[in-house]
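Please consult the sequence and structure shown here.

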Amino acid sequence: MLYAGVMSGTSLDGVDVAVAELTGEEESPNEASLVGFRTVPYGEPFRDRLAAAVEGARADELCRLNFELGRRLAEAVEITLADLALAPGALVAIGSHGQTIWHDPPADAPGSTLQLGEPAVMAEILGVPVVADFRVRDMAAGGHGAPLTPYFDWLLLSSPTVSRVVQNIGGMANVTWLPASDETRRRDRIAFDTGPGVALIDQAVRELTAGEEAYDRDGERAARGRSLDGPLGEWLEDPFFRLSPPRSTGRERFGAPRLREWLERHSEQRDEDLIATLTELTARTIAGGYRLAELEPEEAYLCGGGARNPSIRERLQRLLPDVSILPLDALGWDGDAREAAAFALLARQHHLGIPIDLGWATGAPGSRVLGKWVPA
């Protein structure tokens, strides 16, 4: 049975589409494999519209973006299926995360969240059922609605003998702790956002190069710079980093407006040092998250765009000297495809009516079927 997963992440760089073979009718598939994966990039004008929407947009612009993004998500699925010589009818369903525009985790008041990318538009174009809005049911139950991809990690990437973490470094970074099943000091699985991934680094490169560059290619700018203790400390003082899991965050907290203020305060510093400082922030808060939650993994598997940044990897290895840091590809899954594949899995679970217990990641009590079904 073929399912597709569609993801537009906090990096705002494009649409990820994964097609997965997921067989059987039990919670854990009899067979789970990646059939194909494609990233369809956004042009800079559309990316700028999404970024502006995250910073604040009028209702009419959000409405138009919702439908236009639905068309773009459908087109990305069409392109991916054409690459695989598959027709849309080969899919049982599509799981679409959409694009998060605003995410307000529960604190003193209930949380709320908004993802764009109209699933009805996708179903109309493709003629395939679409499952979308996965976060909202979890938040309605009192959870954070994120992270959701740790469910994929737990079901498909756990080891019976080795304690490991799956560390995603996308726009934001999140970790899934997967204890070995026969561990004598067994601890429950846990997942949470560690903080900014590459969102601040990418945005800083755009600001400092006046838009000529979109990210720190191969971590070269960070490698030429040095982390600045004072400016780094300003970020590390954020109370988010002292919150116990479950916790989630996004560009609402670690986004362009706050970054621009920080860059302005430290405009006398070398560009390379500022990029190195933000790179150190990502690595420092990942390792700090492990200490806060008392995680002691033997292996850490990296995925997301930041996994390809050598400066992040080298800093992580320095901070975690006893941990084997490896790419997720070593477990047989394309690290870039992991998030999109997770939404293919969530679409399968919805189609089969399988309730999901994600309280260990989101804090929501009990099990429930996630997502909203839009028929073809």
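## Basis of the model

The model is predicted; local features need pLDDT of at least 70, side-chain atom pairs count only at pLDDT 80 or more, and totals for chains, interfaces and linings use all residues. Residues are numbered from 1 along each chain as its sequence is written, and side-chain values use heavy atoms, with hydrogens and water left out.

## Packing of helices 1 and 2

Helix 1 (residues 44-55) packs against helix 2 (residues 59-83) at an angle of about 135°, the axes lying 11 Å apart. Helix 1 is therefore oblique to helix 2 (angles under 35 degrees count as roughly parallel, over 145 as roughly antiparallel, 65 to 115 as roughly perpendicular and the rest as oblique).

From helix 1, F46, R49, L50 and A53 meet E61, L62, R64, L65, E68, L69 and R72 of helix 2, contact meaning heavy atoms within 4.5 Å.

## Salt bridges

The whole structure holds 24 salt bridges, each a side-chain nitrogen of Lys or Arg within 4 Å of a carboxyl oxygen of Asp or Glu. R189 and D357 form one of them (4.0 Å, N to O). R189 lies in the loop between strand 8 (172-178) and strand 9 (190-196) and D357 in strand 12 (residues 356-357), so the pair ties together parts 168 residues apart in sequence.

In another salt bridge, the closest N and O atoms of E213 and R221 are 3.0 Å apart. E213 is partly exposed at 33% relative accessible area, whereas R221 is buried at 15% (buried means under 20%, exposed over 50%, partly exposed in between, with a 1.4 Å probe and protein chains only).

Technical notes: Axes are lines fitted to C-alpha atoms, for helices over the stretch in contact, and angles run from 0 to 180 degrees between N-to-C directions. Helices (H or I, at least four residues) and strands (E, at least two) are DSSP runs, numbered from the N terminus.
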